[in-house]
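Here is a short briefing on selected side chains and ring pairs. Please keep the sequence and the 3D view open while reading.

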Amino acid sequence: MPVNPELMGREFAPTEPYLVGREKVREFARAVFATSPIHFDPEAARAAGHADVVAPPTFPVVVQEHTLAQLLAEPDAGIDFSRVVHGDQRFSYSRAVVAGDELTATLAVTSVKTLGGNAMVTAESTMTDASGDHVVTAISTLVVRGDDA
């Protein structure tokens with residue numbers, strides 16, 4: 001089944017809140033070889049003006065994954081995960097993600113295109129904190145290989 005072009009414009013229900021833990025931030029920082037003390041030491045983070053340790057810039061993919069799972073599970077999406085390649089990833093921040101944040105993400109499909117037998121699905125996961133204030137938007141493009149690709 002090809003990717004459903006009617007996905008474009010579809011918005012999904014917000015995810016359950018994700019509590020950003022200090023140890024998760026540290027684990028992620030080690031995994032991506034981030035070395036700044038603000039990722040590991042709460043005092044260094046506070047000295048830099050943050051409430052707690054600061055997540056590396058790509059950390060929101062952890063939260064975004066929950067929203068992309070919604071997209072992949074959509075019954076009429078036509079997205080075969082075994083044919084998906086991550087095509088692009090971007091972030092647009094209002095502020096840094098810090099330990100203690102409780103992030104809720106809402107996914108919206110912003111584009112569905114067909115190129116050379118492949119489909120490209122772009123989705124934005126908008127993340128807000130417990131106050132409802134915007135923190136970051138994670139933008140992903142998934143390339144869904146066609147049958148001949």
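The model is predicted. Gln89 is found in strand β2, and Arg83 sits in the loop between α3 (61-73) and β2 (84-93). Three aromatic pairs are counted.

**Arg83**
- Arg83 has a relative accessible area of 19%. The cut-off for buried is under 20%, so Arg83 counts as buried.
- The Arg83 side chain reaches the backbone oxygen of Gly146 at 2.3 Å.

**Gln89**
- Relative accessibility of Gln89 is 23%, so this residue counts as partly exposed.
- Leaving out residues up to four places away in sequence, Gln89 touches Val61, Gln64, Ala138, Ile139 and Ser140.
- Gln89 and Ala123 are 34 residues apart in sequence, with their C-alpha atoms 9.9 Å apart in space.

**Aromatic rings**
- The count comes to three aromatic pairs. One of them is Phe28 with Phe59, edge-to-face, at 5.3 Å centre to centre and 80° between the planes.
- Phe28 lies in helix α1 (residues 22-31) and Phe59 in the loop between α2 (42-47) and α3, so their pair ties together parts that are 31 residues apart in sequence.
- Phe28 and Phe59 are both buried.

Terms used: Residues are numbered from 1 along each chain as its sequence is written. This is a predicted model: local features need pLDDT of at least 70, side-chain atom pairs count only at pLDDT 80 or more; totals for chains, interfaces and linings use all residues. Side-chain values use heavy atoms; hydrogens and water are left out. Helices (H or I, at least four residues) and strands (E, at least two) are DSSP runs, numbered from the N terminus. Buried means under 20% relative accessible area, exposed over 50%, partly exposed in between (1.4 Å probe, protein chains only). A polar contact is a pair of N or O atoms within 3.5 Å; within protein, one must be able to donate a hydrogen and the other to accept it, and residues adjacent in sequence count only if both atoms are side-chain atoms. Contact means heavy atoms within 4.5 Å. Rings of Phe, Tyr and Trp (its six-membered ring) pair if their centres lie within 6.5 Å; planes under 30 degrees apart count as stacked, over 60 as edge-to-face and the rest as tilted.
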